[in-house]
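Shall we read a protein structure together, one feature at a time?

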Amino acid sequence: FQVRPRNPRGLGTLPAPAAMASPAVSPDSSSHEALSSVNSAPACSPTSDSENLSPDELELLAKLEEQNRLLEADSKSMRSMNGSRRNSGSSLVSSSSASSNLSHLEEDTWILWGRIVNEWDEWRKKKEKLLKELIRKGIPHHFRAIVWQLLCSATDMPVKNQYSELLKMSSPCEKLIRRDIARTYPEHEFFKGQDSLGQEVLFNVMKAYSLVDREVGYCQGSAFIVGLLLMQMPEEEAFCVFVRLMQEYRLRELFKPSMAELGLCIYQFEYMLQEQLPELNIHFRSQSFLTSMYASSWFLTLFLTTFPLPVATRVFDIFMYEGLEIVFRVGMALLQFNQAELVQLDMEGMSQYFQKVIPHQFDSCPDKLILRAFQVKYNPKKMKSRLEKEYAAIKNKEMEEQIEIK
């Protein structure tokens, strides 16, 4: 759980993914949880710009909320009947009390997302607000592979043609990658077992990336992101998306050997904590409970080692469109939800609480978390200009002092 210095990256063993506490979404799953979004209450809708949408667009969002409500109700009834989650290959509408209503709404969703994919450029340019709202409600599982590629412009990358050649080469990171692969989604069927297909393709993608970006090479934590991509798409496509995420989404800076960007993210998050939850911030300090002890894995794995996969994938959908801002928002939302309990606990109690209680608070309604996240105050201008400069000045001063000491 705690990040401890253990290798040149300064990373200790990352927390085991919370998804392992219950069966995760399989690579070809039609599981509700991957699609499930909203509980029955309208307050569980993660819209923020809905007042700017037309009546037709609002009606469409209401339909999606109804579908998500039916999916959630169906999911709960199936769990109570079977005592477990559905098999990953089962149909969304089979054995369902709401199957007739659900099938119509599901058909509407398929038609809608099919149109979005086919008219992608137009949606990105002319219907950006509606697209943002739809993504915040969750991309349907069967569309995630193509939509994620479209969102990060990874559909036609030249590096894809190099992939097979890269696999023939050897990388100095191979031993490190092999060691960590067994710890990546260890309970997930796709990755279970040393000779599993999942472990093999995960090794391939991590090795290929370590060869195209030798400065970063391989860093613990990145395999969780690649693993999620491989649950949705073939390895060549997952490789292209990962390259794009590293290049365009600040991830490369996070995973560089110095990990300076992680330090900046922690500094920015601490500022938000101090400003928005001063009582909790004072309590954390009194217990020497450092921000890096609980938030480092949030930034490095985008909550994939925190939440079960259905919830983490919803956060990842938004990350693909809106970037790292969602990590700050969800992190602050978690602290807001749990402030009253955390201020009563000592350091050990808080560590246990972050590991065992927080990960499963939103299993039944991810949108409760998303809604709160978009109510968090976040000032991108202040984060970028003021806090980045402050952090750079602090690091420069530290460097000068180290030089003097030497």
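Q: What should I know about the model before I start?
A: This is a predicted model, in which local features need pLDDT of at least 70 and side-chain atom pairs count only at pLDDT 80 or more, while totals for chains, interfaces and linings use all residues. Residues are numbered from 1 along each chain as its sequence is written, and side-chain values use heavy atoms, with hydrogens and water left out.

Q: Is Thr313 buried or exposed?
A: Buried means under 20% relative accessible area, exposed over 50%, and partly exposed in between, with a 1.4 Å probe and protein chains only. Thr313 has a relative accessible area of 5%, so this residue is buried. You will find Thr313 in helix α16 (residues 309-322); helices here are DSSP runs of H or I with at least four residues, numbered from the N terminus.

Q: Which residues does Thr313 touch?
A: Contact means heavy atoms within 4.5 Å. Leaving aside residues up to four places away in sequence, Thr313 touches Arg144, Trp148 and Leu228.

Q: How many salt bridges does the count come to?
A: The rule asks for a side-chain nitrogen of Lys or Arg within 4 Å of a carboxyl oxygen of Asp or Glu, and the count comes to 18 salt bridges. One of them joins Glu215 and Arg252, whose closest N and O atoms are 2.9 Å apart. Glu215 lies in the loop between α9 (197-212) and α10 (222-230), and Arg252 in helix α12 (residues 251-255), so this pair ties together parts that are 37 residues apart in sequence. Glu215 is partly exposed, at 46% relative accessibility.

Q: Where do Lys384 and Glu388 sit in helix α20?
A: They are 4 residues apart in helix α20 (residues 380-405), which means a separation of about one helical turn. Lys384 is exposed, with a relative accessible area of 53%, whereas Glu388 is partly exposed at 26%.

Q: At what angle do helix α17 and helix α19 pack?
A: Axes are lines fitted to C-alpha atoms, for helices over the stretch in contact, and angles run from 0 to 180 degrees between N-to-C directions. Helix α17 (residues 325-342) and helix α19 (residues 366-373) pack at about 105°, with axes 8 Å apart. Since 65 to 115 degrees counts as roughly perpendicular, that word describes α17 and α19. Among the residues that meet are Ile326, Val330 and Phe337 in α17, and Leu369 and Arg372 in α19.

Q: What describes a pair of aromatic rings?
A: The distance of the centres and the angle of the planes describe the pair. Rings of Phe, Tyr and Trp (its six-membered ring) pair if their centres lie within 6.5 Å; planes over 60 degrees apart count as edge-to-face. By this rule the count comes to 25 aromatic pairs. Tyr209 and Phe242 form an edge-to-face pair, 5.0 Å centre to centre and with 70° between the planes. Tyr209 lies in helix α9 and Phe242 in helix α11 (residues 235-248), so the pair ties together parts that are 33 residues apart in sequence. Tyr209 is buried at 4% relative accessible area, and Phe242 is buried at 1%.

Q: Which residues form one aromatic cluster?
A: The cluster includes Phe269, Tyr294, Trp298, Phe299 and Tyr378.

Note on methods:
Helices (H or I, at least four residues) and strands (E, at least two) are DSSP runs, numbered from the N terminus. Angles under 35 degrees count as roughly parallel, over 145 as roughly antiparallel, 65 to 115 as roughly perpendicular and the rest as oblique. Rings of Phe, Tyr and Trp (its six-membered ring) pair if their centres lie within 6.5 Å; planes under 30 degrees apart count as stacked, over 60 as edge-to-face and the rest as tilted.
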